[in-house]
Amino acid sequence: MLNFLTLLPLLPALLFPAPVRAWSSDNHTCALSAPIYSCENTTVIQDTCCSPTEGLVLVTQFWDTYTGLESEGSVLPENSWTIHGLWPDRCDGSYGQYCDLSRQYDPYPSPNTTTGKPDGEWVPVWEGGDIVTPLLQAYGKWDLLAYMNKYWKNLNQPDWVLWQHEYSKHATCFTTFDTGYDGRPDCYGSLYANSTEAALIDYYEAAIKGFVQYPTYEWLEAEGVVPSNETSYDIAGIQKILEERSGAAPYVGCSGPNKDVLTEVWYNTHSLGRPQSGFLKPVDAIGRTTNCNTASGVWYYTRSEGSEAEE
Ligand SMILES: *[C@@H]1O[C@H](CO)[C@@H](O)[C@H](O)[C@H]1NC(C)=O
Ligand SMILES: *[C@@H]1O[C@H](CO)[C@@H](O)[C@H](O)[C@H]1NC(C)=O
Ligand SMILES: *[C@@H]1O[C@H](CO)[C@@H](O)[C@H](O)[C@H]1NC(C)=O
Ligand SMILES: *[C@@H]1O[C@H](CO)[C@@H](O)[C@H](O)[C@H]1NC(C)=O
Ligand SMILES: *[C@@H]1O[C@H](CO)[C@@H](O)[C@H](O)[C@H]1NC(C)=O
């Protein structure tokens, strides 16, 4: 029975509530507070290691028809798009790049300054080669490395070049991957012997966590949209399928002089807590409409002979 008498013992607590303990972000233990969706915070983010300030998280994928390195055994996975990266856009769809030059491992910085204009800081060229393969091997992450070799494919360059480009250009702008550069927190400080290495491995896992939740090839195939060099497709139809299947309208990108070759899809999400958690909520693409030719059909080409892995 709920009446005044049952509530009486609670009265002191109701009248004199215990002071709310100040939130401590000293050691970046994200478990201490309930996670919020990025870009949906209603107050200032207390610990940027636990929720990214650039919180529009993009799961980006490629459809390529060849790798250019088939002669070296690099082929595309059957029945699957490939990973481009996991990107931290600002909540309005704008973005930064190369946010931590102490973690610059990209041999071909693009753009070559942090702003993409001559006034930006120069992004130094990385000349140390592949750091990812030996790192994953040293930590015994053979399964992760094998998955990346299969699904994270570059075009006309070794795959590690794309992996290191994505990390240096994009991962360094996610506050949840900060490792102490330029007064920023070290999100990995209390748990790992080497934050730099921990953040690298964590990024590659986070990107794959996103990728596996957005099986573009399967979604299109289920609606009869399969690669073909004979039939082109209406881009609106492709967008509709991907929106219905993923839960929100992604950005779909095309290349070629007529912008009629389907090559990219970017799923926009908000992450519950750190993007490392992989709990991503689809949201409609913000600030971008497709660059694909909406007047003519678009081509979803089949892979070149010999460019696809044989299962
Ligand atoms: C969300 O957090 C960011 C980063 O701390 C802050 O700039 C922004 O003002 C916050 N949003 C709201 C509505 O308080
Ligand atoms: C930097 O990039 C800009 C824009 O792509 C290009 O015009 C310029 O030549 C590049 N600078 C150098 C030194 O490579
Ligand atoms: C954890 O927090 C304590 C108390 O503020 C601080 O002295 C210590 O340096 C922190 N440790 C790390 C690894 O950040
Ligand atoms: C952390 O790892 C990086 C990359 O392997 C290495 O360059 C750096 O020296 C290491 N730092 C420490 C403190 O061991
Ligand atoms: C289909 O067209 C694409 C784009 O021109 C080409 O790369 C591919 O080799 C073609 N596929 C086959 C099986 O010929």
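**Figure 1. Asparagine 156 in the loop between helix 4 and helix 5 of the predicted model.** In this predicted model, asparagine 156 is exposed, with 10 other C-beta atoms within 10 Å. The residue has a phi near 65 degrees, which is a positive value in a residue other than glycine. Its place in the chain is the loop that runs between helix 4 and helix 5, the latter spanning residues 159–169.

**Figure 2. Cysteine 39, a residue with positive phi in the loop between helix 2 and strand 1.** Cysteine 39 is not a glycine, and yet its phi is positive, at about 70 degrees. The loop that holds cysteine 39 lies between helix 2 (11–15) and strand 1 (56–62). Is cysteine 39 buried or exposed? Cysteine 39 has 23 other C-beta atoms within 10 Å, and because 20 or more such atoms are required for the buried class, cysteine 39 is buried.

**Figure 3. The cis peptide bond between serine 110 and proline 111.** Serine 110 and proline 111 are joined by a peptide bond in the cis form, for which omega is about 0 degrees. Proline 111 belongs to the loop that lies between strand 2, residues 82–89, and helix 3, residues 132–138.

**Figure 4. The packing of helix 4 against helix 6.** Helix 4 (residues 142–151) and helix 6 (residues 195–211) pack with their axes 11 Å apart and at an angle of about 55 degrees; the two helices are therefore oblique to each other. In this arrangement helix 4 passes helix 6 in a left-handed crossing. Which residues of the two helices meet? From helix 4 come Leu144, Tyr147, Met148 and Tyr151, and from helix 6 come Tyr204, Glu205, Ile208 and Phe211. By class, the residues of this contact are seven nonpolar, no polar and one charged. An α-helix has 3.6 residues a turn, so residues three or four places apart point the same way.

**Figure 5. Helix 5 and the elements that cover it.** Helix 5 is mostly covered, since eleven of its eleven residues are buried. These buried residues are Asp159, Trp160, Val161, Leu162, Trp163, Gln164, His165, Glu166, Tyr167, Ser168 and Lys169. Which elements are included in what covers the buried residues of helix 5? Strand 2, helix 3, helix 4 and helix 6 are included in this cover.

**Figure 6. Glycine 180 in the loop between helix 5 and helix 6.** Glycine 180 is partly exposed, with 15 other C-beta atoms within 10 Å. Its neighbours within four places in sequence being left aside, glycine 180 is in contact with Pro185, Asp186 and Ser195. From glycine 180 to serine 102 the separation along the sequence is 78 residues, while in space the two are 9.9 Å apart, C-alpha to C-alpha.

**Figure 7. Threonine 289 in the segment after strand 5.** Threonine 289 lies in the segment that follows strand 5, residues 280–283. With 11 C-beta neighbours inside 10 Å, threonine 289 counts as exposed. Between threonine 289 and glutamine 97 there are 21 Å in space, C-alpha to C-alpha, and the two residues are 192 residues apart in sequence.

**Figure 8. The chain as the setting of the close-up views.** The secondary structure of the chain comes to eight helices and five strands, and from the N terminus on these elements run in the order α-α-β-β-α-α-α-α-α-α-β-β-β. The C-alpha trace spans about 80 × 50 × 45 Å along its principal axes. Of the 311 residues in the chain, 35% are buried. Among contacts between residues at least 6 apart in sequence, 65% join residues at least 24 apart.

Methods:
Residues numbered from 1 in each chain as written. Chains lettered and ligands numbered in written order. Predicted model: local features only at pLDDT ≥ 70, side-chain atom pairs only at ≥ 80, totals over all residues. Axes fitted to C-alpha atoms, helices over the stretch in contact; angles between N-to-C directions. Helix = DSSP H or I, 4+ residues; strand = E, 2+ residues; numbered from the N terminus. Parallel < 35°, antiparallel > 145°, perpendicular 65-115°, else oblique. Left-handed = near helix turned anticlockwise from the far one by under 90°. Contact = placed C-beta atoms within 7 Å. Nonpolar A, V, L, I, M, F, W, Y, C, P; charged D, E, K, R; others polar. Buried ≥ 20, exposed ≤ 12 C-beta atoms within 10 Å, placed from the backbone.
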